[in-house]
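User: Please take a close look at the salt bridges in this model and at the helix contact between the chains that goes with them. Keep it brisk.

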Amino acid sequence: MSIIKFLDEFTNDNIEGKLASRKDALNKITRIGKKAAMASIPLGLAGMVSQKSKAAVFQSNDQVVATLQLALVLEYLEASFYNQALDSGVLTNPKATAIYEQIAKHENAHVTLLKDVINSLGETPGAEPTFDFTAGGAFDPFNENGAGQETAYAQLLALAQAFEDTGVRAYKGQAGNLMGNDQLLTAALQIHSVEARHASEIRRLRGLEGWITLNQRGIGMPAAAQPVYDGATPESNTIQGGVDVTTLGNGNPFTAEASSQAYDEVLTGDEAVAIASLFIE
Amino acid sequence: MRNKKIKVEPAAVGKGNSRRKFLKLSGLAVAGTGLLLSCSSDDDGGNPNPDVFDLGGGDLGVLNYAYALEQLEAEFYTRVVNGSYWSSAATEEKNILEDLYNHEVNHREFFKAALNANFSADVVLPAQLEFDFSSVDFNNRNSVLQTAMVLEDTGVKAYNGAGKIIETAAYLVIAGKIVSVEARHAAAIRSIIGGDMDDFKLFSGDDIVDANGLDGAENPSVIIQAAGGFIVTPFTANQLP
């Protein structure tokens, strides 16, 4: 399977050239996902994936597996980040430590679950990439390079927000690829809402609201995090199902701000890969 | 920036509580009235009681079901922001509950518009379901926050369980856009409640997220029974699991 085909299977649209870093992302995914992404799909998979095929929307098996492999990369990233955060000594207050412990527990569980599911489909889970949470020296969230406790802590929280808000949008963007397989779709939705709980709490820990207003990344977030809130369908979108929800009534519930907060938006597969790739060596 | 004027919607007046019964909703005893609950997994499409509205099946059934839940949540927060707890609440809690009111009213109107744009009026759930919140004390912080937590957690389980019933990918995406906001709400309310007792993990607590790191997911029949304590207007979900 070519890398282009692999990435195209993450997306149902035909957006081309939206990302300056797309080529970088392609190169990165080639390396991180080589084993997973390039794996040929065994022919005998059909009976294992589909219990109840909804003919019009049923997705191919390799699309299901590719979706799960992308999810696994994102979960590897989050689990590694929170595990290292807890070991870094940067978290010193009991509230932040407790929050990171709880999130770490869930992200590690998601890694295990996704690996088990991929194995159960007769596929080999992708190997864990080597992560660089300094993003080439831009950040020092674990205070390994002399940033100091205060700066490291701020970056630790900012990166967590970026990863959680990305996770929510990425899972949402992949849900359609699992239609027709009730068990996998439901499990993905169950992970998706846990990521949203995490996102809300990390945002609140940073002094923000738990929900996203327009495409604002929020105070203290580095400009490099803006793609988390942009994309082909930016978080500021208020058109839902062809209807501009700001026109559905008057007053506070229908302002552009409230109307954007009330709906989270999707990231396409290559948008999510581009964000994750900033932290993959 | 915030407009402090909250639109006051007329609260539905309770009536006909002769069939009052008590249901348990996640440990909260709530007063309930005559919800006709009749769910089955049969997809026979029949409506055995033509006098009672049936949600329908497939996309229509899920949209009507979501519309009912969003009506419930919107009505709850409408009463919250018109109650005395909210008017004197701490700024953070006041802002959160006002946002939740805004979001749920927006969701409710979205489903109303989506249903009426795609289905004939006779199969769209009525716009003014009647609710009974007599079990909630809107002057009491604990009562409001605990009820909000149950409603938001229930909303998450409901959308997570309904995804598999949806037939059209665009509707699945919209349900996904809404459920993650419900989960953000649930975490924020839980975070406030947890903060009161130094339980900093309650936002995503072990009581709601299982050992696999999975949130809840329940079928409509389970959710409708759980929420039935608040719902007065009878309807059935004969074509939903």
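**Salt bridges and a helix contact**

In this predicted model, B:E93 and B:R141 form a salt bridge, with 2.9 Å between the closest N and O atoms. The pair links distant parts of the chain. B:E93 sits in helix α3 (residues 91-118) of chain B, and B:R141 in helix α4 of chain B, 48 residues apart. B:E93 has 11% relative accessibility, so B:E93 counts as buried, the cut-off being under 20%. B:R141 has a relative accessible area of 28% and is therefore partly exposed.

Helix α4 of chain B also holds B:D153. The side chain of B:D153 meets that of B:R190 in a salt bridge, at 2.9 Å from N to O. B:R190 belongs to helix α5 (residues 169-196) of chain B, so this pair ties together parts that are 37 residues apart in sequence. Both B:D153 and B:R190 are buried.

The pair is also part of a network of salt bridges. Its members are A:R197, B:D153, B:R190, B:D207 and B:D215.

Helix α8 (residues 182-205) of chain A packs with helix α4 (residues 141-162) of chain B. Their axes are 9 Å apart, and the angle is about 150°. Angles over 145 degrees count as roughly antiparallel, so α8(A) and α4(B) are roughly antiparallel to each other. The crossing of α8(A) past α4(B) is right-handed.

Chain A has a salt bridge of its own to note. The side chains of A:E235 and A:R169 meet at 3.3 Å, N to O. A:E235 lies in the loop between α8 and β1 (239-240) of chain A, and A:R169 in helix α7 (residues 149-174) of chain A, so the pair ties together parts that are 66 residues apart in sequence. Are these two residues buried or exposed? Both A:E235 and A:R169 are buried.

Over all chains, the structure holds 17 salt bridges. Among them are B:E93 with B:R141, B:D153 with B:R190 and A:E235 with A:R169.

How values were computed: Residues are numbered from 1 along each chain as its sequence is written. Chains are lettered from A and ligands numbered from 1 in the order in which they are written. This is a predicted model: local features need pLDDT of at least 70, side-chain atom pairs count only at pLDDT 80 or more; totals for chains, interfaces and linings use all residues. Side-chain values use heavy atoms; hydrogens and water are left out. Axes are lines fitted to C-alpha atoms, for helices over the stretch in contact, and angles run from 0 to 180 degrees between N-to-C directions. Helices (H or I, at least four residues) and strands (E, at least two) are DSSP runs, numbered from the N terminus. Angles under 35 degrees count as roughly parallel, over 145 as roughly antiparallel, 65 to 115 as roughly perpendicular and the rest as oblique. A crossing is left-handed if the near helix is turned anticlockwise from the far one by less than a right angle, and right-handed if clockwise. A salt bridge is a side-chain nitrogen of Lys or Arg within 4 Å of a carboxyl oxygen of Asp or Glu. Buried means under 20% relative accessible area, exposed over 50%, partly exposed in between (1.4 Å probe, protein chains only).
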